[in-house]
Amino acid sequence: GVFIVFDVTNGRSAATVRGWVDELAEHTTPGAASSASLPVMLLANKCDAPREEWRVSETEAREEAQRRGLDVAFTSARTGYGVQEAFANARAASQAREWNERATTSKWRHHNHGRRLSTSWHVPLLSSLCCTCVKARQM
């Protein structure tokens, strides 16, 4: 999988996301730059910064990810918040993708009755919550 990381406290950092996604698409097979074929996740880093320092809101990050067909996680490299969950989600998406590739063979299709696993990043972990929600739950 691929993580595209930007700093929520730096608007120029967020603006580079479009370029990274385009470059990834240019150097991979057609359609690979989506969570359906190549797990790609947008990481909004420095979410531990006070909200008044954010130059990219949580809503804007989610909307940009949705426009790009990516999932988004809010992380903090300083505190480690959300990092482990992001890697766990990437692993789960990659395993689901591998399982689905196997399911296309007749042997595997028979055993799973034609079902496919979701390659969505939405493993039920704290990463689906914003930093403020997590802090409130910890209190």
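Visitor: What share of the protein is buried?
Guide: Buried residues make up 40% of the 139 residues. The term means under 20% relative accessible area, while exposed means over 50% and partly exposed is in between, with a 1.4 Å probe and protein chains only. This is a predicted model, in which local features need pLDDT of at least 70, side-chain atom pairs count only at pLDDT 80 or more, and totals for chains, interfaces and linings use all residues. Residues are numbered from 1 along each chain as its sequence is written, and side-chain values use heavy atoms, leaving out hydrogens and water.

Visitor: How many helices and strands are there?
Guide: The protein has six helices and three strands. Along the sequence they follow the pattern β-α-α-β-α-β-α-α-α.

Visitor: What share of the contacts joins residues 24 or more positions apart?
Guide: Among contacts with a separation of 6 or more, such pairs account for 69%.

Visitor: What makes threonine 75 buried?
Guide: The relative accessible area of threonine 75 is 3%. Threonine 75 is found in the loop between β3 (71–74) and α4 (83–103). Beyond residues up to four places away, threonine 75 touches Leu43, Ala44, Asn45, Lys46, Cys47, Tyr81, Gly82 and Val83.

Visitor: Why is lysine 46 called partly exposed?
Guide: Lysine 46 has a relative accessible area of 38%. That value falls between 20% and 50%, so lysine 46 is partly exposed. Lysine 46 lies in the loop between β2 and α3. Its phi is near 70°, a positive value in a residue other than glycine. Outside four places in sequence, the contacts of lysine 46 are Asp7, Val8, Thr9, Trp54, Thr75 and Ser76. Lysine 46 and valine 8 are 38 residues apart in sequence and 6.1 Å apart in space, C-alpha to C-alpha.

Visitor: Which residues of α2 are buried?
Guide: In α2, these are Val17, Val21 and Leu24. They cover an arc of only 60° around the axis, so they sit on the same side of α2. The arc is that of the directions from the helix axis to the C-beta atoms. The buried residues of α2 pack against β1 (2–7), α1, β2 (40–45) and α3.

Visitor: Which residues of α3 are buried?
Guide: In α3, Glu58, Ala61, Glu64 and Ala65 are buried. Their arc is only 130°, which puts them on the same side of α3. Gln66 and Arg67 are exposed on the other side. The buried residues of α3 pack against β1, α2, β2 and β3. Just after α3, glycine 69 takes a positive phi of about 75°.

Visitor: Which residues line the second largest pocket?
Guide: The lining is Phe6, Gly11, Ala14, Ala15, Val17, Arg18, Leu42, Val56, Glu60, Ala61, Glu64 and Arg67. Two or more residues each come from α1 (11–15), α2 (17–26) and α3 (58–68). The largest share, four residues, comes from α3. A pocket is an open set of points on a 1 Å grid over the protein atoms alone, where a 1.4 Å probe fits, with protein on both sides within 12 Å along at least five of seven lines; lining residues have an atom within 4 Å of a point.

Visitor: How do the lining residues of the second largest pocket divide?
Guide: Seven are nonpolar, one is polar and four are charged. Gly counts as polar, and Gly11 is in the lining.

Visitor: What is the volume of the second largest pocket?
Guide: The volume is about 160 Å³. It is the space filled by probe spheres set on the points.

Conventions. Contact means heavy atoms within 4.5 Å.
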